[in-house]
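Hi everyone, thanks for coming.

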Amino acid sequence: MKFTVDWLKNHLDTKFNNNQIIDKLTNIGLEVESFESSTSELDTFIVAKIINAKTHPNADRLKLCDIDIGSDKTIEVVCGAPNAKNGLLTVYAPPGSIIPKNQMKLSVSKIRGVTSYGMLCSESELLLSNESDGIIELKNNKYVNKIGEKYFKNTSEKVIDLSITPNRPDCLGVRGIARDLSAAGAGKLKINKKSNLKYRGNQNINVTIKKEKAQGCTIFGSCLIKGVTNKESPKWLKDKIKSLGQKPISAIVDITNYVMFDLNRPLHAYDADKIDNEIIVRSSSKGESFEALDNKKYILENDMCVISDRSGVLGLGGIIGGTRSGTEYSTKNILLESAYFLPRSIRKTSKQLNINTDAKFRFERGIDPLSIEEGLIKASELIKQICGGEISNLDVKKIENYKKTIINFDPFLFEKTTGFDVENKELIKILEKLGFDVSKNKKILKLVVPSWRPDITQSIDIVEEIVRIKGYEHINTSEPIKTRLKPTLNYYQKLFHFLQRSVASKGYLETVTWSFTDSKINQLFKENDQEIPIVNPISSDLNVLRNSIFPNLLFYLKKNLDRGFKDISLFEIGPAFKGKNPGDQLTMIGAVRAGKVSRLSWNDKERIVDTFDVKKDVIQSLCEAGIDKDDIVIDDKTPSYYHPGKSGGVYQNKNEKNALAYFGEIHPNIIKKLDIKTESLVIFEICLDYIKESKQKIKDLKSEYKFSDFQKSERDFAFIINKNFKSQELVNIIKSVDNKLIKSVRVFDVFEGENIPDGKKSIAVNVTIQSEEKTLNENDLENINKLIISSIESKSGAKIRS
Amino acid sequence: MSDIKKIKDNYIDKLNTENNIEKVNNIKSELFGKNGIISNEFKKLGSISVEERKKLASDLNNIKDELQNKISTKIQEIETKEINLKLEKEKIDVTLPERNIEIGKIHPVSQVIDEISSIFSEIGFSVEEGPDVENEYNNFTALNTPDNHPARDMHDTFYLDNNKELLLRTHTSPVQVRTMLKGKPPFKIIAPGRTYRSDSDQTHAPMFHQVEGLHIDKNINMGHLKGCLNYFIKEFFEVDKIKMRFRPSHFPFTEPSAEVDIGYEIKNGKIVIGEGNKWLEILGCGMVHPNVLKNVNVNPSKYQGYAFGIGIDRLGMLKYGINDLRAFFETDYRWLSHFGFDPLDVPSNYRGLSR
């Protein structure tokens, strides 16, 4: 909402200066976006100096001028003026400028094969004089220090631009703003002058509001103004319209716009001679169409509120008028409309047709239904004053009477809500100045809500009015109440924070990427999940919710590889979506490592990152987060985007159905499809939701501290075993021989090939044996050794290597 | 006896010039081994008279001590020499680089969320979460923003179906609805998380982060709201004083509503929070609207309280001098390394919010 201080003072008697007004507006909830001179078309013309004027290579009468416009670089302009010469100070118009004389908009253009960026102006082009023989010659002493500055001083009055919240339609007019300011003590609201307008004759175009279920209009007021002379608006009116940032059109249109911004009362003027017999306000039928004042043709759906005559639709009520009945300079007789349209109907129609106008914006928020006559009178007076003519009696048709909103307000609610007290006297004064009708019934105030405040329906709205006008600075700052109702984080939230930092501590950079991704990449990772398209994506490559974290992670990994980074570890913790309903999401960690370990190290051997690097990272992170390593079970079934032979799933224990993590190499097909160029690419993922919450706190989990001081023994075994036999199983068999005595089993060598039969591998383990009761003698150890060998041989088909 | 002395002197001389540890050990066994010279002398003692034995034994013991001392000093001497020599040989250039350090980082958004959670934890708030996909009811209608409400235009919403029933939440406020629907008052929660609006330019990203706050109890008023936010802002920016301004505003789900500005100034090209005469809008808040309380089955005549919503990314940008919001989500390795935080740098009250 834009207006000038002068305009405000038409409605407000105030001693406040501009800054005080600005501050007050902010303090009562009318946020000031800016307070500056309105931009002018003349702002673009700047003082410039010709540095070098040389002859155009292809035209003797043209010159090629290097221009200093006060910036780092000079500008090249083609100029035909004979007086263009080195050192001349003149006026430069950059591309985009509108030349006052012919209203032409400048663009970058080629003149005889040389590009010209803007032009140098003559006095006649700027409407300063009739001098058109050459460009302006500015006096050196006056302008030499002003190169780059605006040539025309902007003398227009400063404009206040308010950002009005959607609950305050009344402040979409200057008078409403003045009323708010007056309530807040910034002056006195001026009383509207009584109109002494003389009416002649009746409004003899019949108006009917059809009683229909979907009728979007409840009141239609109008008057006829006969014998007008439409013309350009006088300067004061043009200035007002310009200060709104709009273009003056004609007196009649400008007046209706002016009244809309002045009183927040949208009006519409029809050329009465173009109306076919009568006005019918009705709901549209699907397929009806009309040409609107924005020069677009609209095809209507059912139940849109239209103003029509016998020939068809004239306009969309409260949204936009039509060209068929539009006023022109030749218009002689006007029908002026001032109506009430229902916000819901306006909003529905404008959304369906995607139209946004100042009138629509206002009706959608709620116009004062009691301002019908006021608007007609104010506009008629101005039209008569500027365009002449005779005004008919006002004709107001309604299908519904306005019902007052009454609120019984207990002033105690104010203190209860805000924490501070305002005396009843002051409270009543504020409400009265805002337009409330206040009467007292013991402690309760009976309030009649002003008709221009559709936002006020209940007591809490009254609290807001009072505290806003009184000032938020009166609210005390209480010490924070420290009472705690429950622990800050639950188990999974703690797990989130812990795993996040645990993974990062292994050398991964955390990233945050969009929750949406490119369906083309997503489908490589979505497995059996359904694709979840976004109906209105921000762009076609962010068109689905991600089913996995990897699509984005790999997309950005590639970008970083393309930037020249070789060894990259990245991870993200966040949602992966499994369905389109709320809650169909899992909290996942996705991590990628690319490149080498120890690249260009003087003492370590370079090697590519491999599956066992990420396996370590994932297992260590899980252990740090509290999962018992001894319970963890690994298997080799993984999603299809993993290398089928070089990846594994991690289970919290052997009975779990869902893998809580996967790790391994990414499938070579995916690397190829995404065109990722790296020496090696391994990934892991953890699903936090699949981690089982331990029922016990750590204080309960810590078992008794026991250790054995008896001597421990180590034995090495090597077995020849089927190639596909899993080392994990081998270790488990050994452990199960005697869970008490066998303290640990470590695989220290695996190989195939030389001396090993086809389809077999050699696997060597180191077993630590220790008793908690005694020192084991040779006999005991020998027994265990035999048991280990026989168990392995019988359960796995392995053979001990001799 | 003089023979022994001679032998002794002879060995002492030998030992004096000997530098080989093995040869010293050989001498040791020559003298004290099973059939060593000195050992044999002791054996002879049994065959002589008592008088002579006493004298001879005493002399022999002296000689034995002298020789043994000499041997052990010599061994020590040689060993020291050898160790010194070895150490000198083993000297390396310790200025050569260590093995690779792999430095991971925590994203600024995560760090700021942890900072925020830590601060609110101090004054008794717990953390709640809600899904990223919401239904229309929780995101709008329950929050007193019915379908025909113009306030909906301020939220450019991503939809997942053509009926506009399912959407990506445009703010964290639906967590208020979920929290209150599933529990009983009092409520005292914050809800940080991802939020989405179909808006994208230098200062807007289609995804960003908000933290919602909600405190509902019997007598929570606007003074408490002011106190809570004043405390939070001061703690977050780690300043002693903060200039703060509550401005009336409008949100459908709070009433009265306010926007909060903090004072700032630009010093040497950097923004300084808490001082100066410029205002920066940082959050929206207000008293939870009675209509919202009714929608979640809380009796507004018994319970009342405040709610607020803060842009997390923006807070992070202000605190850590980050200019471009879009860069938060572009995964540039350089940016992540530069603005990321050490994983061990966990914001906490006792250890300090930030280093």
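So, to start: in the hairpin of E7(B) and E8(B), which residue takes a positive phi? It's Asn268(B), with a phi near 50 degrees, and this hairpin has two residues between the strands.

Before going on, some housekeeping. This is a predicted model, where local features need pLDDT of at least 70 and side-chain atom pairs count only at pLDDT 80 or more, while totals for chains, interfaces and linings use all residues. Residues are numbered from 1 along each chain as its sequence is written, and chains are lettered from A and ligands numbered from 1 in the order in which they are written.

Also, the names: helices (H or I, at least four residues) and strands (E, at least two) are DSSP runs, numbered from the N terminus.

Strand E7 covers residues 254-267 of chain B and strand E8 covers residues 270-273 of chain B, and they pair in the antiparallel sense over four bridges. For us, two strands pair if DSSP finds at least two bridges between them. If you look for Tyr264(B), its bridge partner in E8(B) is Ile273(B).

Staying in chain B, let's do helices. Two packed helices are described by the angle between their axes and the distance between the axes. Axes here are lines fitted to C-alpha atoms, for helices over the stretch in contact, and angles run from 0 to 180 degrees between N-to-C directions. Helix H5 (residues 108-122) and helix H8 (residues 222-237) of chain B pack at about 135 degrees, with axes 10 Å apart. That makes H5(B) oblique to H8(B); under 35 degrees counts as roughly parallel, over 145 as roughly antiparallel, 65 to 115 as roughly perpendicular, and the rest as oblique. The crossing of H5(B) past H8(B) is right-handed. A crossing is left-handed if the near helix is turned anticlockwise from the far one by less than a right angle, and right-handed if clockwise.

Who touches whom? From H5(B) we have Glu115(B), Ile116(B), Ile119(B) and Phe120(B), and they meet Phe232(B), Glu235(B) and Phe236(B) in H8(B). Contact means that the C-beta atoms of two residues, placed from the backbone, lie within 7 Å. By class, this contact of H5(B) with H8(B) has five nonpolar, no polar and two charged residues. The classes go like this: Ala, Val, Leu, Ile, Met, Phe, Trp, Tyr, Cys and Pro are nonpolar, Asp, Glu, Lys and Arg are charged, and the others, Gly among them, are polar.

Now over to chain A, and another pair of helices. Helix H19 (residues 727-737) and helix H20 (residues 778-796) of chain A have axes that come within 9 Å and cross at roughly 135 degrees. H19(A) and H20(A) are therefore oblique to each other, and their crossing is right-handed. On the H19(A) side, Leu730(A), Ile733(A), Ile734(A) and Val737(A) make the contact, and their partners in H20(A) include Ile784(A), Leu787(A) and Lys795(A). The contact of H19(A) with H20(A) counts eight nonpolar, two polar and one charged residues.

One more pair: which way does H7(A) cross H8(A), left-handed or right-handed? H7(A) passes H8(A) in a left-handed crossing. The contact brings Pro343(A), Ile346(A), Arg347(A) and Ser350(A) of H7(A) to Lys360(A), Phe363(A), Glu364(A) and Arg365(A) of H8(A). By class, that's three nonpolar, one polar and four charged residues.

Next, a sheet in chain A. Four strands make an open sheet in the order E15-E18-E21-E22, with mixed pairing. Strand E15 (206-209) and strand E22 (312-316) stand at the edges with a single partner strand each, so one side of each is left without a neighbour in the sheet. From one strand to the next, the twist averages 25 degrees. Strand E21 (residues 305-309) pairs with E22(A) in the antiparallel sense over four bridges, and Asp309(A) stands opposite Gly312(A) in E22(A).

Last stop, where the chains meet. 78 residues of chain A are in contact with 71 residues of chain B. On the chain A side, the largest share, six residues, comes from helix H12 (residues 459-470) of chain A. That side divides into 29 nonpolar, 29 polar and 20 charged residues.

That's my tour, thanks!
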